[in-house]
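Colleague: I would like to learn how to read a few features of this model. Please give me the general idea each time, and then the case at hand.

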Amino acid sequence: MYIHLSKEDSEKLDRLMRKYEQTFHERCHAYCMRDPIAEIEKCLKTGKPSNIKPEPGAVY
């Protein structure tokens with residue numbers, strides 16, 4: 001699955017990923033998410049890290 005983002009959305013995703021990593025002290029697996037911007041915003045809003053993790057052995 002490929003997600004094509006505009007330059008603005010790509011920059012927004014980068015900012016959100018940095019904030020996620022600073023908040024939850026874990027890597028954000030945005031490449032596993034169908035809608036990474038919405039998922040990360042939801043996590044930051046609720047204060048709970050994402051339960052979406054890569055499948056073992058998956059190549060992204």
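Modeller: Start with Ser50, which is buried because its relative accessible area is 5%. Buried means under 20% relative accessible area, exposed means over 50%, and partly exposed lies in between, using a 1.4 Å probe and protein chains only. The model is predicted, so local features need pLDDT of at least 70 and side-chain atom pairs count only at pLDDT 80 or more, while totals for chains, interfaces and linings use all residues. Residues are numbered from 1 along each chain as its sequence is written, and side-chain values use heavy atoms, with hydrogens and water left out.

Colleague: Where is Ser50 found, and which side chain does a polar contact join to that of Ser50?

Modeller: A polar contact is a pair of N or O atoms within 3.5 Å; within protein, one must be able to donate a hydrogen and the other to accept it, and residues adjacent in sequence count only if both atoms are side-chain atoms. Ser50 is in the segment after helix 2 (36–46), and its side chain has a polar contact of 3.3 Å with that of Glu39. Helices here are DSSP runs of H or I with at least four residues, strands are runs of E with at least two, and both are numbered from the N terminus. Glu39 counts as buried, at 15% relative accessibility.

Colleague: How many salt bridges does a search of the whole structure find?

Modeller: Side chains of opposite charge can pair when their charged atoms come close. The criterion for a salt bridge is a side-chain nitrogen of Lys or Arg within 4 Å of a carboxyl oxygen of Asp or Glu. The search of the whole structure finds two. In one of them, the side chains of Glu41 and Lys12 meet at 3.1 Å, N to O. Glu41 lies in helix 2 and Lys12 in helix 1, so this pair ties together parts that are 29 residues apart in sequence. Glu41 is partly exposed at 34% relative accessible area, and Lys12 is partly exposed at 31%.

Colleague: Which residue forms a salt bridge with Lys42?

Modeller: Glu39 does, with the closest N and O atoms 3.9 Å apart. Lys42 and Glu39 are three residues apart in helix 2, so about one helical turn separates them. Lys42 is partly exposed, with a relative accessible area of 47%.

Colleague: What is the C-alpha to C-alpha distance between Lys12 and Ile37?

Modeller: It is 7.7 Å, for residues 25 apart in sequence. Likewise, Arg27 and Lys53 are 26 residues apart along the chain, and their C-alpha atoms are separated by 9.8 Å. Arg27 is in the loop between helix 1 and helix 2 and counts as exposed, at 51% relative accessibility.

Colleague: What is the phi of His25, and where does His25 lie?

Modeller: Phi of His25 is near 55°, a positive value in a residue other than glycine. His25 lies in the loop between helix 1 and helix 2 and is exposed, with a relative accessible area of 70%.

Colleague: Which residues form the negative surface patch?

Modeller: Patches are made of residues with over 30% relative accessible area and no salt bridge; like charges are joined within 9 Å, and nonpolar side chains (Val, Leu, Ile, Met, Phe, Trp, Tyr) within 5 Å. Here the negative patch is formed by Glu8, Asp9, Glu11 and Asp14. Asp9 is in helix 1 (residues 7–24) and is partly exposed, with a relative accessible area of 33%.

Note on methods:
Accessible areas come from the Shrake-Rupley method with a 1.4 Å probe; for residues, only the protein chains shown count as cover. Lys and Arg count as positive and Asp and Glu as negative; His and the chain ends are not counted. The place of a charge is taken as NZ of Lys, CZ of Arg, CG of Asp or CD of Glu.
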